[in-house]
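Please keep the sequence and the structure in view while reading.

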Amino acid sequence: ELMEEGKLAEALEAGGLAVQSDLTSASAWNIQGVVFRALKREAEAEASYRKAHRLNPKDGAPIGNLEQQMRDLDRLEEANSFRSLSLETRKKDPYFNAFLAEEAFGEGRLADALDLIHTAIKLLPHEPELYLAEAQFRLNQGNPDEARKSLEKARKWALPQERERFDNKLAMLAKR
């Protein structure tokens, strides 16, 4: 938040406090790396990202940040290595699969989008937003019956206060 407000010095201080409060937090080290990058302190950013990756090798965020940093610094061989590692790590991340599904959908690759969202659902079967994405893909595929089934699953897994949202979507779909 501090970075978004342009308060980089305060962001660096907050990042340092986060790291000091828990030296084993990969997330804190990764955030500190992001702040260092914003300050153009590349060596410190890289060291922070690498520390985050050592602490949690399954976290795709520092790997992705290292990939981008290496690419920006024209260290392409390293960037490509981190890209491969990132894809391997993130293929087990339901949210990354959902991101790739949205990307495929935006490019008009509906079959790929559905495959990716199904992978995400297998990894996290109780997440209503994944079923909502599946419904959108099904609807754009011209399959309103399957879209309705996806919305019903989304409603099933939604928190009670969120169910009305899915009821409204189901009612709109019924009017089609």
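## Two residues with positive phi

Asp-74 lies in the loop between α4 and α5, in a model that is predicted. Although Asp-74 is not a glycine, its phi is positive, at about 60°. Most residues other than glycine have a negative phi. Asp-74 counts as exposed, because its relative accessibility of 63% is over the 50% cut-off.

Lys-40 is another residue other than glycine with a positive phi, in this case near 65°. Lys-40 sits in the loop between α2 (26–38) and α3, and with a relative accessibility of 67% Lys-40 also counts as exposed.

## Leu-73 and the loop between α4 and α5

Leu-73 is found in the loop between α4 (60–72) and α5, which is also where Asp-74 is found. Is Leu-73 buried, exposed or partly exposed? At 35% relative accessibility, Leu-73 counts as partly exposed, since this value lies between the 20% limit for buried residues and the 50% limit for exposed ones.

In sequence, Leu-73 is 31 residues apart from Glu-42, while in space the C-alpha atoms of Leu-73 and Glu-42 are 9.1 Å apart.

Thr-89 is buried, because its relative accessible area of 14% is under the 20% cut-off.

Which residues does Thr-89 touch, leaving aside those up to four places away in sequence? The contacts of Thr-89 are Pro-57, Lys-58, Asp-59, Gly-60 and Ile-63. Gly-60 and Ile-63 fall within helix α4, which covers residues 60–72, so that the contacts of Thr-89 include residues of this helix by the element boundaries used here.

## Lys-153 in helix α9

Lys-153 has its place in helix α9, made up of residues 144–157, and is partly exposed, with a relative accessible area of 42%. Between Lys-153 and Ala-47 there are 106 residues of separation in sequence and 43 Å in space, taken from C-alpha to C-alpha.

## The fold and extent of the chain

The protein chain holds ten helices and zero strands, and along the sequence its pattern reads α-α-α-α-α-α-α-α-α-α. Its radius of gyration is 20 Å, well over the 16 Å that the globule rule gives for 176 residues, and the chain is therefore more spread out than a compact globule. Taken along the principal axes, the box filled by the C-alpha atoms is roughly 55 × 35 × 25 Å.

Of the contacts in the chain with a separation of 6 or more, 43% come from residues 24 or more positions apart. Among the 176 residues, 36% count as buried.

## Surface, charge and confidence

The protein chain exposes about 10,500 Å², of which carbon and sulfur atoms supply 52%.

The mean pLDDT of the protein chain is 93, and 100% of the residues score at least 70.

Definitions and conventions. Residues numbered from 1 in each chain as written. Predicted model: local features only at pLDDT ≥ 70, side-chain atom pairs only at ≥ 80, totals over all residues. Heavy atoms only, no water. pLDDT = per-residue confidence, 0-100. Helix = DSSP H or I, 4+ residues; strand = E, 2+ residues; numbered from the N terminus. Rg over C-alpha atoms; globule rule 2.2 N^0.38 Å. Buried < 20%, exposed > 50% of the residue type's maximum accessible area, 1.4 Å probe, protein only. Contact = heavy atoms within 4.5 Å. Areas by Shrake-Rupley, 256 points an atom, 1.4 Å probe, with all protein chains shown as cover.
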